Amino acid sequence: MAKNNSNQPDDQIPAEDLSLHVDELTADLQRTRADFENYRKRVEAEKTAARDAGQTAAIMRLLPVIDNIERAIAHVPAELAENAWAQSVTNLVKQLDKSLESPNLKRIEASSGTPFDPEYHEAIQFDESAEGDHEVIAEELQAGYTLNGQPIRPAMVKVTRQ
């Protein structure tokens, strides 16, 4: 509050001084409210980012396990293909894929003939002998995934021209 140097009682302070003081206090209150609202939004964004980072880290630890199970399934001998144990391992991968859909994890499309997209695909082999104008995927070597629409691991692919 503005100091009253004339030792006047409060009811004798000029209305103009009181109005200026109220305006100052109102401006301070508005700044404090804005600062608090910015703080609240920043903390909420940091919480969301921390949750997303934790979710991504947990999923990234699971992906090598899924890769190894898929490799094992791909190399099941023909005589064991109808074996109940081999089929249960195949079903395990399907169950894992369904479980990982709930946190919005999706496999990146990288089948043969799919256009190569460097945002989602990592070319680790290139067919130099092929000719054409468009780069397409010849083979998926390792699955890639997106989490909430953002790539967390690109699909490793062999690329050719078409």
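1. Which residues make up the largest nonpolar core? In this predicted model, the largest nonpolar core has 8 residues, namely Ile-59, Leu-63, Ile-66, Leu-100, Leu-105, Ala-143, Tyr-145 and Leu-147. Helix 1, which covers residues 15–74, and strand 4, which covers residues 145–147, each supply at least two residues of this core, and helix 1 gives the most to it, with 3 residues. As a general background to this point, nonpolar side chains in soluble globular proteins tend to be buried together.

2. One member of that core deserves a separate look. Leaving aside residues up to four places away in sequence, Leu-63 touches Tyr-145, Ile-152 and Arg-153. Another core, of 6 residues, lies apart from the largest one, and among its members are Ile-108, Ala-110, Ile-137 and Val-157.

3. On confidence, the chain averages a pLDDT of 87, and 93% of the residues score at least 70. Among the elements of the chain, strand 5 (residues 150–153) has the highest mean pLDDT, at 94, whereas helix 2 (residues 84–101) has the lowest, at 84.

4. The next point concerns the largest pocket, whose volume is about 180 Å³. Its lining consists of Asp-67, Glu-70, Arg-71, Ala-74, His-75, Arg-107, Glu-140, Leu-141, Gln-142 and Ala-143, and these residues divide into 3 nonpolar, 2 polar and 5 charged. Helix 1 and strand 3 (135–142) each supply at least two residues of the lining, with the largest share, 4 residues, coming from helix 1. Ala-143 is listed both in the lining of this pocket and in the largest nonpolar core.

5. Not counting residues up to four places away in sequence, Phe-126 touches Glu-135, Val-159 and Arg-161.

6. Two loop residues may be checked together. Asn-148, in the loop between strand 4 and strand 5, has a positive phi of about 55° although it is not a glycine, and with a relative accessible area of 40% it is partly exposed. Ser-129 has its place in the loop between strand 2 and strand 3 and counts as exposed because its relative accessibility is 63%, where the class begins over 50%. The C-alpha atoms of Ser-129 and Thr-160 are separated by 8.4 Å, although the two residues are 31 residues apart along the chain.

7. The last point returns to helix 1, in which Asp-52 lies. Asp-52 is partly exposed, with a relative accessible area of 32%. Its C-alpha atom is separated by 12 Å from that of Gly-149, a residue 97 residues away along the chain.

Methods
Residues are numbered from 1 along each chain as its sequence is written. This is a predicted model: local features need pLDDT of at least 70, side-chain atom pairs count only at pLDDT 80 or more; totals for chains, interfaces and linings use all residues. Side-chain values use heavy atoms; hydrogens and water are left out. A nonpolar core is a set of buried Ala, Val, Leu, Ile, Met, Phe, Trp, Tyr and Cys residues joined through side-chain atoms within 4.5 Å. Buried means under 20% relative accessible area, exposed over 50%, partly exposed in between (1.4 Å probe, protein chains only). Contact means heavy atoms within 4.5 Å. pLDDT is the predictor's confidence in each residue, from 0 to 100. On a 1 Å grid over the protein atoms alone, a cavity is a set of points where a 1.4 Å probe fits but cannot get out, and a pocket is an open set with protein on both sides within 12 Å along at least five of seven lines; lining residues have an atom within 4 Å of a point. Grid points are joined across faces, edges and corners, and a volume is the space filled by probe spheres set on the points. Ala, Val, Leu, Ile, Met, Phe, Trp, Tyr, Cys and Pro count as nonpolar, Asp, Glu, Lys and Arg as charged, and the others, Gly among them, as polar.
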